Amino acid sequence: MASTQMWRYPQGVEAGRDLTGYEVEARDGSIGSIDQSTQDVDEHWVIVDTGPWIFGKRVLIPAGLIDRVDDNQERVFIDRTREEIKNAPEYDITVGATGLYRRELASYYATPAAVRMQETRVPPPSGRRTEGGRQSRSSSQSRSRSRSSARSRSGSSSRSRSSSSTRSRGRTTSRSRTSDEPTRDELYEQAKKLDVPGRSKMNKTQLKQAISRRRGRSSSATSRSTSRSTSSRARGGSRRTQTRAKANPVEVQSFLDGVSYPTRRGDLIREAERSGASRNVRSTLERLPEKRFADPTEVSEAIGNLRR
């Protein structure tokens with residue numbers, strides 16, 4: 001299209017008419033509405049408000065691109081695609097349609113779309129063009145995609161193997177841990193050797209807890225016993241302890257979590273035995289008065305009133 005024809009309305013469209021407000025349709029869809037149309041003698045164009053299509057920008061369309069006008073529907077049809085219009089030199093409303101901008105725009109629309117696309121392509125690296133240049137580039141791109149795909153598959157396969165190996169190690173470790181866990185029967189035998197009371201009614205978890213407490217208390221009792229024995233021998237060994245030491249209230253309460261109050265002494269003793277309490281704790285509870293205890297505080301006070 002010659003430059004002079006670029007700015008003139010085509011035959012059948014009245015020159016200089018006001019098209020403000022008309023909707024504008026490109027070959028493949030709407031691009032907005034006309035915000036302003038010029039009425040100059042020699043050059044005509046319309047300025048289109050694109051709305052949300054290009055974020056509210058305005059584009060300048062030379063009159064020569066108008067294919068036809070439908071006054072009934074108030075629509076203007078443009079002989080260009082939306083993509084071509086979007087990629088045209090940007091119109092700056094603060095500067096306006098200067099002569100330089102109009103020449104640049106006319107050159108853009110006068111150049112066939114296929115030529116513009118060819119010019120935007122990145123040329124191949126120097127020294128790689130052959131007589132069958134197009135086929136060579138295509139072959140090179142194909143090989144590149146092949147290598148990329150192969151690397152992708154290799155990486156995916158490697159990650160899959162790594163993930164599978166990790167899961168396998170996790171399962172092996174888990175099985176190893178499980179196999180190292182003592183069974184309930186083994187725990188029961190340990191509890192029997194430690195003389196844990198109520199062991200026959202305990203589950204696996206309760207047996208483990210009772211054994212742990214008994215071992216800790218046995219070790220502590222042995223240490224205290226050794227200390228007392230040494231002290232007694234130092235004093236001449238003339239006196240023996242006639243009564244067992246009293247357990248403190250906090251130690252006793254740790255074995256009475258399952259008690260429902262109010263309750264009696266016998267219920268306290270049975271709960272302590274079920275929880276794997278030491279003989280010292282049970283002995284302390286046996287020394288409590290035979291009465292009805294309203295709450296844990298009353299039990300602790302009664303223990304505090306016992307003589308050692």
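# Worked exercises on a predicted model

The protein chain has an accessible surface of about 20,500 Å², and 45% of that belongs to carbon and sulfur atoms (Shrake-Rupley method, 1.4 Å probe; for residues, only the protein chains shown count as cover). This is a predicted model: local features need pLDDT of at least 70, side-chain atom pairs count only at pLDDT 80 or more, and totals for chains, interfaces and linings use all residues. Residues are numbered from 1 along each chain as its sequence is written, and side-chain values use heavy atoms, with hydrogens and water left out.

## Exercise 1: confidence

Work out what pLDDT the protein chain averages, and what the model shows over residues 172–178.

Step 1. pLDDT is the predictor's confidence in each residue, from 0 to 100. The protein chain averages 78, with 68% of the residues scoring at least 70.

## Exercise 2: the largest nonpolar core

Find which residues touch the most other members of the largest nonpolar core, and which element supplies its largest share.

Step 1. A nonpolar core is a set of buried Ala, Val, Leu, Ile, Met, Phe, Trp, Tyr and Cys residues joined through side-chain atoms within 4.5 Å. Buried means under 20% relative accessible area, exposed over 50%, partly exposed in between (1.4 Å probe, protein chains only).

Step 2. This core has 33 residues, and Ile 61 and Tyr 109 touch the most other members.

Step 3. Helix 3 (99–110) is one of the elements that each supply at least two residues, as are strand 2 (29–37) and strand 4 (58–62). Helices (H or I, at least four residues) and strands (E, at least two) are DSSP runs, numbered from the N terminus. The largest share, five residues, comes from helix 3.

Step 4. Now zoom in on Tyr 109: leaving aside neighbours within four places in sequence, its contacts include Met 6, Ile 61, Leu 65 and Arg 116.

Step 5. There's also a second, separate core of 17 residues, with Val 259 and Val 281 among them.

## Exercise 3: aromatic pairs

Say how many aromatic pairs there are, and describe the one formed by Trp 7 and Trp 45.

Step 1. Rings of Phe, Tyr and Trp (its six-membered ring) pair if their centres lie within 6.5 Å; planes under 30 degrees apart count as stacked, over 60 as edge-to-face and the rest as tilted. The count comes to three aromatic pairs.

Step 2. Trp 7 and Trp 45 are edge-to-face, at 5.9 Å centre to centre with 80° between the planes. Trp 7 lies in the loop between helix 1 (3–6) and strand 1, and Trp 45 in strand 3, so the pair ties together parts 38 residues apart in sequence. Both Trp 7 and Trp 45 are buried.

Step 3. Tyr 91 and Tyr 101 make a tilted pair, 5.8 Å centre to centre and 50° between the planes. Tyr 91 is buried at a relative accessible area of 12%, and Tyr 101 is buried at 8%.

## Exercise 4: Val 76

Step 1. Leaving aside neighbours within four places in sequence, Val 76 is in contact with residues including Leu 19, Tyr 22, Val 24 and Ile 34.

Technical notes: Contact means heavy atoms within 4.5 Å.
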